[in-house]
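Please look over the protein shown here.

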Amino acid sequence: MCTVHLQELLTGVCVGDSATEVASMDPASVSPSSSCSSAWLLVLLGTALLGAAHRLGLIYQLWHKAEPKSTRHGGELVAEVLKAHGVRYLFTLVGGHISPILVASEKLGIRVVDTRHEATAVFAADAVARLSGTVGVAAVTAGPGVTNTVTAVKNAQMAESPVLLIGGAAATLQKGRGALQDIDQLCLFKPLCKFCASVRTVRDIVPTLRRAIAAAQSGTPGPVFVEFPIDVLYPYYLVEKELGFKETPRGLLGGVINWYLGNHLRNLYAGAWETRDFSPLPVQVPQATAEQVQQCVELVSRAKKPVILLGSQVTLPPTPVEKLREALEALGIPCFLGGMARGMLGRDSPLHIRQNRREVLKEADLVILAGTVCDFRLSYGRVLSRRSTVIAINRDRAQMLRNSDIFWKPRMAIQGDAGSFLLSLSQGLKSYSPPQDWGTSLKDGDQRKEKANREKSEEPTEQHLNPLKLLHHVDNLLPENCLLVSDGGDFVGSAAYIVRPRGPLHWLDPGAFGTLGVGGGFALGAKLCRPDSEVWILYGDGSLGYSIMEFDTFVRHKTPIIALVGNDACWSQISREQVPLLGSNVACGLAYVGESWSPLAGCPGNITPRCCAVMAAACSAWALGTSGSCCLCSLSPGGQTLCAASCRLLPLRDGKREVSKIGASPITPLGS
């Protein structure tokens, strides 16, 4: 980069020499056209010189000076911005590029939580963003540290989670020169993030981060990425040492190089420690107009068979979920809940319809899509009847109208916040009461379907546990303060229809991207946000493999969780279609695990309530009663065994880390 700038500077000198030569000509020999050309040349030359001076920071340095003796560093500014924005947790996998940020954040009281994989750090930040209503933050080192987060960032984008990803990067002068872990990181995240930036000087840290955090939370929330070259994070004296100044440079070129490096260093820190505003910028949230709300009030008031589909957007700020729940109960309209909206109406609300969605939507005369998208989850809109009046409310216009030109068409399409809209709608419909027979008929159909599911759960199995029966027992045993994390396919798909979240924001799933491996990170973030709640991960045995190493993280950071694994030794969701269609189970089969764990209890194929009760009690006791311990329960239907292990990693001894299995003796064999 030095050579490039030197060539530009040398080119400028050559142009300047030519201009001087023209100016020294005999005025009498210069025609008016030549004078005009000379004037334009001087203007162009002056503009070029001013541009070069600006790029080199010379103009800025006239009024703002660097402080070479200061021991402060850019990491402190990053931490101060995070603190001012209410950030309580910083998730990371440590690397030298970002060490100043981690150290400064810890000093300011931000809890730094290190994970065993960068994707887990982003998943944890995603969970914090969803549950706390603030931005979730993860910091990772340059190169592979950044690339390891791509899937998790894409998941946050599709789940509309405001996540700030901080990435380390090679020093500003080493960009594109083959430095360690130096790649074009911005090009990876521009398609995934609402805002991408690379900080070039220390003075740019604060304004860049403030803009990034505001962008993450404004409009349709989503991830943002800010890259920090290593030299904007470390102190002046360390960067000066690494630049390699020569005390006695050789020749003119050596002197020019020394000047360039010195100027670059001074510009890097010029004005760095001047007083700045760290406070959050305003967050822009689109809202429905009063006229739009009134039109919807009139449509709903005439409906005989209305229904509301609630998507994850209804849980976003600024509307508190409890106020939204009250508004929905006041409206009295039957609701289907999806994504983060699961649990919005509590466990046993008469308004919550869980079954027969396709049939209900074909019969409804008015459908409100509140943050719900007509993608694959609604058969691209084909489940909606063309006779129905459809009201769509969504922060993202493209998502709101997805497939509306093919399979469905909204009567009203409102770009705005779904939660605020429902509050306003409730205010406008205070005297409205939907026909009771409509809600009663839907609830009766719900109960018939659930009765049929319960009958399936009672069907005997020759060799395997019946997963439906197990999940019904688990649902009955879960405490009211539990928070459920969904990470899996086949087993978790069944759990979504059986296990009932106890309240608003008591359920976490990956969202529309369907990412496996979110369990460890989501549970970590959830337990930090809700330390008094039981956090359960519902795992498939396949998805468990992505984050099982994070049990070490749970133990080290004393965030006890409970993991329930439906272990059928297979990628069953794939196998179920692959085998009949293609005649092969290749790559779908796994192996039963658990032989290396202490079997705390043998369980017969016909699982009983007492079996589940003892299992849940043991899990809760180990996970919540023992500081820093976690519980992993693997249900192995093929092996007719229920295994559980609670592990604590002990300090290093003789260079090896010992594993202690605790709580294994007091459980008796589980019978009927």
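Which residues does E160 touch, not counting residues up to four places away in sequence? E160 touches T220, P221, G222, Q313, L316 and Q399. The model is a predicted one. E160 sits in the loop between α8 (150-159) and β4 (163-169). E160 is buried, yet has no salt bridge. The nearest side chain of opposite charge belongs to R395, and R395 is 7.1 Å away. A salt bridge would need a side-chain nitrogen of Lys or Arg within 4 Å of a carboxyl oxygen of Asp or Glu.

**The chain as a whole**

The protein chain has 672 residues, and buried residues make up 52% of them. Its secondary structure comes to 25 helices and 19 strands. Take the contacts between residues at least 6 apart in sequence: 74% of these join residues at least 24 apart. The chain exposes about 30300 Å², and carbon and sulfur atoms supply 56% of that area.

**Inside**

H264 lies in helix α12 (residues 251-269). Is H264 buried or exposed? H264 counts as buried because its relative accessibility is 16%, and buried means under 20%. H264 touches T172, L173 and D231, leaving aside residues up to four places away in sequence.

Helix α20 covers residues 490-498. Its buried residues are F491, V492, A495, A496 and I498. What do they pack against? Their partners are α19 (467-477), β12 (483-487), β13 (507-508), β14 (535-540) and β15 (562-566). An α-helix has 3.6 residues a turn, so residues three or four places apart point the same way.

**On the surface**

R357, R358, K362, R382, R386 and R387 form a positive surface patch. One of them, R387, lies in the loop between β9 (366-370) and β10 (389-394). R387 is exposed, because its relative accessible area is 72% and exposed means over 50%.

A nonpolar surface patch is made by L50, I59, L62 and W63. This patch has an area of about 470 Å². L62 is found in the loop between α3 (58-61) and α4 (74-84). L62 is exposed as well, with a relative accessible area of 57%.

| Residue | Relative accessible area | Class |
|---|---|---|
| R387 | 72% | exposed |
| L62 | 57% | exposed |
| H264 | 16% | buried |

Methods
Residues are numbered from 1 along each chain as its sequence is written. This is a predicted model: local features need pLDDT of at least 70, side-chain atom pairs count only at pLDDT 80 or more; totals for chains, interfaces and linings use all residues. Side-chain values use heavy atoms; hydrogens and water are left out. Patches are made of residues with over 30% relative accessible area and no salt bridge: like charges are joined within 9 Å, nonpolar side chains (Val, Leu, Ile, Met, Phe, Trp, Tyr) within 5 Å. Accessible areas come from the Shrake-Rupley method with a 1.4 Å probe; for residues, only the protein chains shown count as cover. Lys and Arg count as positive and Asp and Glu as negative; His and the chain ends are not counted. The place of a charge is taken as NZ of Lys, CZ of Arg, CG of Asp or CD of Glu. Helices (H or I, at least four residues) and strands (E, at least two) are DSSP runs, numbered from the N terminus. Buried means under 20% relative accessible area, exposed over 50%, partly exposed in between (1.4 Å probe, protein chains only). Contact means heavy atoms within 4.5 Å.
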